[in-house]
Amino acid sequence: MSDAEALDRMRHDIQYLASDRLEGRETGQPGERLAADHVVGAFGTMGLKPYGDSATYIQSFHFAAEPVRGPKNSLQLGRNRLVPGVDFYPVSWSPSGQVFTRLARCRYGILAPELGRNDFDGVEVKDHAAAIAISSPDGIHPHSKWIAHNDIRGRIDDAVKLGANAILLYNDDEAVDDIDSTLSAKVQPCPVPVVFVTKSGFKKMGLDGEPVVVATDIERAQLTGHNVVGLLDNGRPDLVVIGAHLDHLGYGHDGSLYRGEPAIHNGADDNASGVAMMLQLARDLSAMPEARANDYLFIAFSGEEKGLYGSNYWTKHPTAPLSEVNYMINLDMVGRLDSLGDLSINGAGTSPAWAELKRIGTGKLNVKTSESGIGPSDHTSFYLQGIPAVHFFTGSHNDYHKPSDDEDKINYPGMLRITRYIESLITALNDDGKLAFTRTQEADSTETPRFTVTLGVVPDYMYDGKGMRIDGVTDGKAAAAAGLKPGDVVIKLGDHDVADMMSYMKALGAFKKGDGTQVTVLRGGKEMKADITFK
Ligand SMILES: [Zn+2]
């Protein structure tokens, strides 16, 4: 397809996908379905074979929606009826349920024989509501003697094992944050009702043995996400998967770095750009004689932003044999090529054949590769199945995961250069047969230091220079208040040198909420200091 026509098509696709009409394409919402339908229409026009469920382009998968509180939450302590949302609220660990029981105060609920402490000793826990304070005898901080027991879920599980039929959490420590009232779909509920009793509610709590009536009402709905799958069938044994996620953050919530009234996150770069490039590759590869060496499976994944749901589902329920997949190309955020032509390609360690990436001259790109097959996007799902997989990425920016990731900031000529580069790459790999797979070195996560404060930044996990490079800055958090920007490299926090992610996390561990210090960053190669207060 001519360059002018390709530019036009990609612009047309992004303008639609990143329009307000699609409301940020949140998985399971109507806008995501519109985006999927758009891809279905494009695949149909190109004559790709439907390769989703039962001879359609769509592959559906189900996932848990964010839970919501129902109307029937209630708590009675003795004669006191507590007010839902004011005196108490059910938390993520809670199922829906109702219990008539009696109070058993269990202090911190810490069962630590190794440290000679058992808060359940001498308390009648069985068939009682266990009241547990969420702090610890010496508070919650990285140097607490009870650090191994700071995790509340572990204490809840201990109480349940001892026969508790409800859990009442409360907080009598000013220095500790209350349990978050937002409910998360990612938390596995435990078997008995769990509520957090606020300060006002705690005043109404009586003595051991007083009657407790607790009812929790949490609606956990199933939602449906939609992958779109189409095959360009050249009758070849080898299958090349080209994928891009079509979902984004909807009106914000989880994953957004924007702190304000709910607003549509259009996600033009993340990842309407990847979908548009995938569609363009499908059009081009249909017409290129040298592309006939492979079959191509084009997949628009959903659920990526919620945790790679769609690509994980496809690799676990593949609609084409995984054994035939030669390699996978993931396009996620490819719309912001800068003036230097910097293109990041992650996953270059997943096959020796990716040495080719540096040899392709097409597009005059400044290709930077990183080895790991594990990263925050859909190629990870393929890598974990033993498939060589690379992720194309033009880099993060200030609009990342914010409502301002809009279409007018897309670099279309840049996208075309990358498209041509990928076409050259695919052609160059034609003679290589099936690519060998290699496992990549992952950072050792077993000894992740604990910390209780954050800078409010997204670290650039691909950065391998000295220090911690910032990929994104969360509005309203410590780093934003100190004027830090994406691209800044943190080299010092207070007196602590920051050489890499590990020492960065260790340095954070030295601070607690409310602490102030000086952060030293490199910006454009120049050292800069800023005062920072951890919130
Ligand atoms: Zn993305």
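Ser 74 has Ala 215 of strand 13 as its bridge partner, and the two strands concerned, strand 4 (residues 74-77) and strand 13 (residues 211-216), run antiparallel and are joined by four bridges. This is a predicted model, in which local features need pLDDT of at least 70 and side-chain atom pairs count only at pLDDT 80 or more, while totals for chains, interfaces and linings use all residues. Residues are numbered from 1 along each chain as its sequence is written. Strands (E, at least two residues) and helices (H or I, at least four) are DSSP runs numbered from the N terminus, and two strands count as paired if DSSP finds at least two bridges between them.

Strand 4 also pairs with strand 5 (residues 80-82), in the antiparallel sense and over three bridges, with Arg 81 of strand 5 as the bridge partner of Gln 76. Two residues lie between the strands of this hairpin, in which Gly 78 takes a positive phi near 60°.

A nonpolar core is a set of buried Ala, Val, Leu, Ile, Met, Phe, Trp, Tyr and Cys residues joined through C-beta atoms within 7 Å. The largest has 74 residues, of which Val 39, Val 275, Met 277, Met 278, Ala 300 and Ile 418 touch the most other members, and its largest share, 10 residues, comes from helix 5 (residues 268-287). Apart from this core lies another, of 40 residues, including Tyr 108 and Leu 168.

Conventions: Buried ≥ 20, exposed ≤ 12 C-beta atoms within 10 Å, placed from the backbone.
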